[in-house]
Amino acid sequence: MIPENLDELRGKAREFALREFTEEKIRKYEEEEKYPEEIRRKAFEAGFLDMSNPWGMLVAMEEFCRVDPGLGISALSAAFGSEVIMLFGSDYLKKKYLEPVLKGEKISGFAVTEPSAGSDVAGIRSRLERRGKGYVLNGEKIFITNGTVANHFYVLARSSPPPSPEKRHHGMTMVVVESSWPGFEAEQMKGKLGMRATSTAHLKFRDVEVPEENVIGEEGKGFYYVMTFFDISRIHVATQALGIAQGALDMFTEYIINNGLNNRETYQFALADMATRVHAARLLTYDAADRLFKFAPDPVKTSMAKYFAGETAVYVTDLALKYTGMQGVTSKLEKFYRDAKIEEIWEGTNEVEKLVISRMLLKKR
Amino acid sequence: MFSEDQLLMRSTAREFAQRELAQRAEKIEKEGIDNELRSKLASAGFLGAMLPSKYGGSDLDRTSFMLVLQEISKYSPTTALFVLLQHSLVGRTLIRDLSLAESYVQDIVSGKTSWTLPLFQRNLKLDGGRIRGEIPYLPLPRADFLVSYADPKTLVVIKGGVTEVRAHHSLGFRGLGLSHVSVDSVAEKLSQVEVDPTPKVLDEASLEVAAIALGMAQASLERAMDYSKSRRAFNSLLAEFQPLAFQLLEYDAQIKALERFIYSIKDNESLEAGEAKLLSIDLAKRMSRISLQVHGGYGYFEYTGVEKFYRDSAALEAMVSDQVGEKVKLSVLLLGVEPKI
């Protein structure tokens, strides 16, 4: 299932990350909680943001996060959410919003989560109301990646009341909103546990006028577009988690060797435990990716990969910390521990992934 | 399980924590424990909790002191560890030879000056009247005084001459600060007492550490419960979903059982005390992870006050014990055989 030339792509990505993600830069962006624009540009110029080469992007994400998760994600998420335009957008939207992103000139963001609705996407309250030939958008979005740096966002809002309590996911529409438009406001959310080199913002939309041509796909079908996007994005998130777990495993292995602990069973067992889980997470993730890249995504496999890889990232960083003591909690490993936790939350919590898995399995019976 | 005096001490500590720490906890993580808070901790009698009253102490029993640490830890684990460190200075180190250190003990207990000591003791080199060397992990690196060993028998007090080589990016207890420092200073010898050749400050305080970890686990559970009863998703309260409710139920039972176990132990050097410490830290880690997860994206931010338990519990594990060394010691107590392989 894995293309033969993956080792070459992997090697190139690893070389880039080791060269560019220096200790100094990792700490600088972490402490300043700043988006690493220079690294984003370099990664683009080196050809890593190439949506026509999905396996290349996948292993780049894995290798980048293996060296530093915050910088790695920011470097490769400049086109965040743009798959919805690729799949459902008009030619006009593709030309206006997708092309500049793919050329590395613009940054996009995906705005769904709200203060009162996270996992429960259908519970959002943002409103999109008809006014003349266009629409007016009001509402708030929270925890939005690229929130302070994106030039435009793919925003989900309610455009008509749900027909019934059971059909809350009906009547939602997705639109493209530019950050320069009147009524738009983005405030950076600081003080995260980890991933501080990624931009996270609270967005506010106050009577933002949205032209009709900025509706993505059909009005009222936004919820389906979001769910389709999750089938793609969750594989990338699983890959982030996989990279974090592999990076922690690398550090633990180095610790064992440097401290002459090779023959101690406590460390051997911990290493075996971590390595087994990392391998399993990689197989699940690559399997889900293979299905997606052959245009046959399987939401069950995708959710399994995302859930298991996220949990593995937390498990491996925790175990590595446990056996590296003070050295661990004052080294790069402590950052990996903090970065890892979000992988169990964003883009669908573990609990949501379990719901997807079980509901779809039961539906097939 | 507790006497009336002990319950009174617990409610005093709880009120102190709610009044002085609840609103200040985030600031403590960023700016440390300032003179004002140190004075308040001293006035409340926490810095010399178990010390005899003739030295300015509160003359508390161990259970009362553990209850104080547990309550403080629910709001600020950093402050709880600070209190334990100051107490270790007077209770386990300086008090051993009060004829030399009495004035210093009173300074610490009254909060007049700030003191520190290395987490993992390394002998500094005494050469004539000067003391030199490096300390890789020193909390409170800007304290007025540093207490250390010049050799396994000689305790010294150092004022000035401590230079920060590197401030560590520490996972937890950020308000304490943690630095690698070099020392080159005039030393004052304090005592000539026999000590463990490789003493660790918190080694002899298993039950106190267990109480701190228990406080973290309880706070994490309480916050998860509160949030689950106020946050709605999919038209229901989070608490109405069985997997979460059952998980919180299970952890509530574990915490209650552990609390009874911890407070039933009398000997800090016993196998049970060591087991209680390991169990409580493990429980604090697992419970804080669940609490963060329940809070979703909000839990990932400092202002929610949940993520610090996730960091601090993992850091505590590293700060108070060498996992393997500790378990070897306890295994010998349990099995009578040393696990070497």
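Is the crossing of α7(B) and α11(B) left-handed or right-handed? This model is predicted, so local features need pLDDT of at least 70 and side-chain atom pairs count only at pLDDT 80 or more, while totals for chains, interfaces and linings use all residues. Residues are numbered from 1 along each chain as its sequence is written, and chains are lettered from A and ligands numbered from 1 in the order in which they are written.

Select α7 of chain B (residues 206–228) together with α11(B); helices (H or I, at least four residues) and strands (E, at least two) are DSSP runs, numbered from the N terminus. Their axes lie 10 Å apart at an angle of about 165 degrees (lines fitted to C-alpha atoms over the stretch in contact, with angles from 0 to 180 degrees between N-to-C directions). That makes α7(B) roughly antiparallel to α11(B), a term for angles over 145 degrees. The crossing is left-handed: the near helix is turned anticlockwise from the far one by less than a right angle.

Next, display B:V209, B:A213 and B:M216, which are among the α7(B) residues that meet α11(B); contact requires C-beta atoms, placed from the backbone, within 7 Å.

Now select the side of chain B that touches chain A. The contact takes 30 residues from each of chain B and chain A. On the chain B side, α11(B) gives the most, with eight residues.

Finally, move to chain A and select β3 (residues 134–145). β3(A) pairs in the antiparallel sense with β2(A) over five bridges and with β7(A) over eight bridges; pairing requires at least two DSSP bridges. Along β3(A), A:L137 stands opposite A:L128.

Methods
Contact = placed C-beta atoms within 7 Å. Parallel < 35°, antiparallel > 145°, perpendicular 65-115°, else oblique.
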